[in-house]
Amino acid sequence: MALPEPTSPAGEAGLTAIRKNPARAVAAFDFDGTLAPIVADPEQARAHPGVVPALARLAPRLAAVAVVTGRPAATAVEYGGFVGVPRLEHLTVLGQYGLERWDAASGELRTPEELPGITALRRELPGLLADAPDGVWLEDKGHALAVHTRRTADPDAALAALDAPLRAAAARHGLAVEPGRMVLELRPPGMDKGVALTAFLREHDAASVLYAGDDLGDLAAYDAVDALRAAGTVDGLLVCSAPTTGEPPVRVIADRADLVVTGPEGVVALLEALADALGC
């Protein structure tokens with residue numbers, strides 16, 4: 001299978017660096033929309049069936065593989081099917097935007113204590129959402145709370161109506177708001193996918209990185225890779241996973257990506273092609 005060609009010089013340099021020295025390369029991925037298809041009920045999301053075999057082929061040749069997700073790490077591990085997979089010992093799941101960590105080699109899960117602001121907001125949100133349109137629902141992630149509008153009659157209008165009151169509630173409790181596709185997530189400040197990814201790359205002394213994402217939460221990771229490329233410390237390949245549902249891709253992600261693929265199936269195809277190129 002032939003490798004697709006990046007559309008930018010920086011992306012070409014990133015792919016070349018990964019191929020030349022895979023032992024110092026990291027492959028990192030968002031979960032929902034990138035490794036797992038977007039579904040109406042996030043509890044039903046599961047990794048594309050080709051993800052684990054493709055990662056298991058590729059991981060032994062790389063410095064590390066990471067899943068960087070807003071989900072709790074344990075949930076992403078379960079929904080990804082990552083436990084006990086041979087040749088996937090180099091996998092780390094950074095959950096809750098890096099607040100949590102699960103390492104495949106040890107099976108250890110590290111998670112911080114819940115912040116008081118999340119506890120207080122959890123009590124407040126049901127009243128705040130009492131008059132929300134039918135179909136709005138709250139996903140409790142433990143260290144974050146996500147309000148979804150995908151099931152409403154007009155998801156964009158519902159999200160716009162909830163934006164101001166949710167931001168005000170977050171501000172009262174010292175929390176950050178992370179917008180996404182038909183969702184607003186309220187979570188502790190100071191940690192995002194860019195911070196988590198940068199620390200992970202430093203930990204592994206990475207010289208190159210492939211990062212794949214699909215939504216606004218991935219912008220921080222894109223920013224981090226761009227900053228490392230500009231500093232000349234890490235070569236990078238930014239991949240956009242475009243929706244397979246007929247929705248347009250998140251424009252700011254697609255416009256900044258070096259390579260656009262079609263959903264988790266396209267991500268799997270890219271990984272398979274990269275494994276072929278590396279002789280895995």
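Predicted model: local features only at pLDDT ≥ 70, side-chain atom pairs only at ≥ 80, totals over all residues.
Lys-141 and Glu-185 form a salt bridge, with their closest N and O atoms 2.5 Å apart. Lys-141 sits in the loop between β6 and β7 (145-148), whereas Glu-185 belongs to strand β9 (residues 183-187), so this pair ties together parts of the chain that are 44 residues apart in sequence. Both Lys-141 and Glu-185 are buried.

Glu-178 stands opposite Glu-185 of β9. The strands β8 and β9 run antiparallel and are joined by five bridges. They are part of an open sheet of four strands, in the order β6-β7-β9-β8, with antiparallel pairing. Which strands stand at the edges? They are β6 and β8 (176-180); each has a single partner strand, so one side of each is left without a neighbour in the sheet. From one strand to the next, the twist averages 20 degrees.

Two helices accompany this sheet. Helix α4 packs on it and touches β6, β7 and β9, and the direction of α4 makes about 30 degrees with that of β7. Helix α5 (residues 155-172) lies across β7, β8 and β9, and runs at about 5 degrees to β9.

Helix α4 and strand β6 are also connected through their side chains. Asp-140 forms a salt bridge with Arg-122, in which the closest N and O atoms are 2.6 Å apart. Asp-140 lies in strand β6 (residues 137-140) and Arg-122 in helix α4 (residues 116-128), so the pair ties together parts that are 18 residues apart in sequence. Are these two residues buried, partly exposed or exposed? Asp-140 has a relative accessibility of 42% and therefore counts as partly exposed. Arg-122, at 25%, also counts as partly exposed, because the term buried is kept for values under 20%.

Let me now turn to salt bridges elsewhere in the model. The structure holds 22 of them. One joins the side chains of Asp-30 and Lys-193, at 2.9 Å from N to O. This pair links distant parts of the chain: Asp-30 is in the loop between β1 (25-29) and α2 (51-58), Lys-193 is in helix α6, and the two are 163 residues apart. Asp-30 and Lys-193 are both buried.

Cys-240 counts as buried, because its relative accessibility is 0%. Cys-280 has a relative accessible area of 30% and is therefore partly exposed.

The largest nonpolar core has 44 residues, and Phe-29, Phe-82 and Leu-210 touch the most other members. Which helix gives the most to this core? It is helix α9 (residues 263-277), with seven residues. A second, separate core has 25 residues, including Ala-66, Ala-196, Val-250 and Ala-254.

Leaving aside neighbours within four places in sequence, its contacts include Phe-31, Leu-35, Val-67, Leu-88 and Trp-102. Leu-91 and Val-93 are also among the residues in contact with Phe-82, and both of these point one way from strand β3, together with Gly-95.

Strand β3 is mostly covered, with five of its five residues buried. In a regular strand, side chains alternate between the two faces of the sheet. In β3, Thr-92 and Leu-94 point the other way from Leu-91, Val-93 and Gly-95, and all are buried. Strand β2 (residues 64-68) runs parallel to β3, and four bridges join the two. Within this pairing, Val-65 stands opposite Leu-91 of β3.

Finally, I would draw your attention to two backbone positions. Where is Gln-96 placed? Gln-96 is in the loop between β3 (91-95) and β4 (100-103). Its phi is near 50 degrees, a positive value in a residue other than glycine. Gln-96 counts as buried, because its relative accessibility is 2%. The other position is Asp-205, in the loop between α6 (193-203) and β10 (208-213). The phi of Asp-205 is likewise positive, near 50 degrees, in a residue other than glycine.

Note on methods: Residues numbered from 1 in each chain as written. Heavy atoms only, no water. Buried < 20%, exposed > 50% of the residue type's maximum accessible area, 1.4 Å probe, protein only. Salt bridge = Lys/Arg side-chain N within 4 Å of Asp/Glu carboxyl O. Pairing = 2+ DSSP bridges. Axes fitted to C-alpha atoms, helices over the stretch in contact; angles between N-to-C directions. Contact = heavy atoms within 4.5 Å. Core = buried A, V, L, I, M, F, W, Y, C linked by side-chain atoms within 4.5 Å.
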